Amino acid sequence: MASSTKDVEAPPTLDAPLLGPAAPRSRLRVAPVSLSVMAFLLVAIAAAVLYYNPGGVASNLMRLRENDYPWTNDMLRWQRTGFHFQPGKNFQADPNAAMFYKGWYHFFYQYNPTGVAWDYTISWGHAVSKDLLHWNYLPMALRPDHWYDRKGVWSGYSTLLPDGRIVVLYTGGTKELVQVQNLAVPVNLSDPLLLEWKKSHVNPILVPPPGIEDHDFRDPFPVWYNESDSRWHVVIGSKDPEHYGIVLIYTTKDFVNFTLLPNILHSTKQPVGMLECVDLFPVATTDSRANQALDMTTMRPGPGLKYVLKASMDDERHDYYALGSFDLDSFTFTPDDETIDVGIGLRYDWGKFYASKTFYDQEKQRRVLWGYVGEVDSKRDDALKGWASLQNIPRTILFDTKTKSNLILWPVEEVESLRTINKNFNSIPLYPGSTYQLDVGEATQLDIVAEFEVDEKAIEATAEADVTYNCSTSGGAANRGVLGPFGLLVLANQELSEQTATYFYVSRGIDGNLRTHFCQDELRSSKAGAITKRVVGSTVPVLHGETWALRILVDHSIVESFAQRGRAVATSRVYPTEAIYSSARVFLFNNATDAIVTAKTVNVWHINSTYNHVFPGLVAP
């Protein structure tokens, strides 16, 4: 996956208060200086702005004044997470080539060894873990040191061959930025840490075929092994001249010589653009196998299976997936419903989450998902911190056998081993327009599991249809309706002038049935200005007899929220200025106009830090 300027969405303009006063605008603090010096500085700044942006002096000066927040070292140190994976410094991005080998989980990731942003020095960092949480940094695995990857070692995938060998396929950017595919293998398979890697002398093994642009050919992924002829199928993302996303298919026996098949795996139903980081895997749909993940490389299509085709959409920087069928004879994927095809339907995560990849964990027979969670602050602030971007907490993926229409994404079970102090709250009534503080102490590293019930009388009295609600245009948790919003405020200060709201908004559709929106509101997450703040989310199925359920992982500058036990997920990067350290609070809230909401159960655990470090005796970047 290459860098893009589209990684940060434009923030909404709505900024309504929630149960409290409006957050004050941040201002640049300037030390007292003489009037003459100040005047000179203002003239110099204005001249520079005028030179580079004629006619925009006033607007640019105002933006400088509002957005350049005076972060302290304590504030910036607080933003570093306690139990998420991140290198000791600099920039990280796409997860790559995860595997379990000789007792270790291996994780590779795009890494800039010299700076806090994506650039053409992008390499592959490497780390190992016994539990997917406590990581040991290893020396970098791959660097851009050949002509075929001179402009970066981009995204790729690892494959364990039937004879025990390991191959890694990855995209390299040439000096001319042609995207080519390359092969690397470990030097010593007896080394459980796989410390040394060598690139094939025949690289590049693939170049863009006729009809494919040089910059639209990336992220190779071996998906199928045919035992009858020892042939692998490898898919690569691209797009056609009409801007429809397509997935190319190659076959190979030795990962050196490849044959491009005349058909494609899939073409999107709408012109959604370039498909990055393509993934294809099966999920079990029957109850007997519903809790077990399946290995794509050996699982033949048959009854009780659906297939997931996932792609990262380069145009808008979100990860979409579609459920469908897979035909092994034609090697094609067909979505169950063309209206929710890749790029126009379901997402892994409705917040900040991109370039994800899964791997089949043969140790625990589960499919594990990683995606990278970028920053939404300024490049200047990243430089002050000395690092940028995180990996999400690894998530397992299963088919939802209750709705039969979506996946279930849930934090890996190992996260629960980090839980420490627990506070339990039961049957808390939340009256319209109220908040309730949860007394949990310092609230910067938490695992929260909550269930809510809505007053049946209020539900029955709500007869008017409300089909206009949308998380991203709603104005957030301050926009009041009859049956919501209600949920939790995390990383909040005592006055609630800083807060990140995760909530449900319940309305009635034109068919008379209830619809539930699951949203995460970042609009008041920080008093700093140079930050993208949005309201993200989507509708989520809530079946008859179910409570409204939330799980929220809070870790300093990241909030990962799971609705209805993983049917929908939203991730936010937030940068409080006051709701930090011992000043961080957690509240329940109900901003409905007429309904009493009961917090049926709320369990809050403090989460231990994982203290990632360099593997003993080695040197890591």
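A residue is called buried here if its relative accessible area is under 20%, exposed if over 50% and partly exposed in between, with a 1.4 Å probe and protein chains only. Helices (H or I, at least four residues) and strands (E, at least two) are DSSP runs numbered from the N terminus. The model is predicted: local features need pLDDT of at least 70 and side-chain atom pairs count only at pLDDT 80 or more, while totals for chains, interfaces and linings use all residues. Residues are numbered from 1 along each chain as its sequence is written, and side-chain values use heavy atoms, with hydrogens and water left out.

**Strand 3 and its sheet**

In strand 3, Ser-123, Gly-125, Ala-127 and Ser-129 point one way, whereas Trp-124, His-126 and Val-128 point the other way; all are buried. In a regular strand the side chains alternate between the two faces of the sheet. Because seven of the seven residues of strand 3 (residues 123-129) are buried, the strand is largely enclosed by the rest of the structure.

Two strands are taken to pair if DSSP finds at least two bridges between them. Strand 3 is joined to strand 2 (residues 104-112) by seven bridges in an antiparallel arrangement, and His-106 stands opposite Val-128 of strand 3. Five bridges connect strand 3 with strand 4 (residues 135-142), also in the antiparallel sense; here Ala-127 faces Tyr-137 of strand 4 as its opposite residue. The hairpin of strand 3 and strand 4 has five residues between the strands, and Leu-132 in this hairpin takes a positive phi near 70°.

Strand 1 (residues 90-101) runs antiparallel to strand 2, with seven bridges between them; Pro-95 stands opposite Tyr-109 in strand 2. The open sheet is formed by six strands in the order 21-1-2-3-4-37, with mixed pairing. Its edge strands are strand 21 (387-388) and strand 37 (613-614), each of which pairs on one side only.

**Nonpolar cores**

A nonpolar core is a set of buried Ala, Val, Leu, Ile, Met, Phe, Trp, Tyr and Cys residues joined through side-chain atoms within 4.5 Å. The largest such core has 65 residues, of which Leu-265, Leu-280, Tyr-348 and Leu-407 touch the most other members. Domain 1 (99-411) and domain 2 (421-607) both contribute residues to this core, so it lies between them; the domain bounds come from an automatic or database domain assignment. Apart from this core lies another, of 51 residues, among them Ala-528, Ala-568, Val-586 and Val-597.

Contact means heavy atoms within 4.5 Å. Leaving aside neighbours within four places in sequence, the contacts of Leu-280 include Phe-221, Val-223, Leu-265, Met-296 and Tyr-307. Val-308, Leu-309, Phe-326 and Phe-333 are also in contact with Leu-280.

**Backbone features**

| Peptide bond | Omega |
|---|---|
| Asn-203 to Pro-204 | about 0° |
| Gly-484 to Pro-485 | near 10° |

Pro-204 is placed in the loop between strand 8 (197-199) and strand 9 (218-226), whereas Pro-485 is found in strand 28 (residues 483-492).

Asp-219, in strand 9, has a positive phi of about 70° although it is not a glycine. With a relative accessible area of 1%, Asp-219 is buried. Arg-317, likewise a residue other than glycine, has a positive phi near 65°. Arg-317 is in the loop between strand 15 (305-313) and strand 16 (318-327) and counts as buried at 4% relative accessibility.
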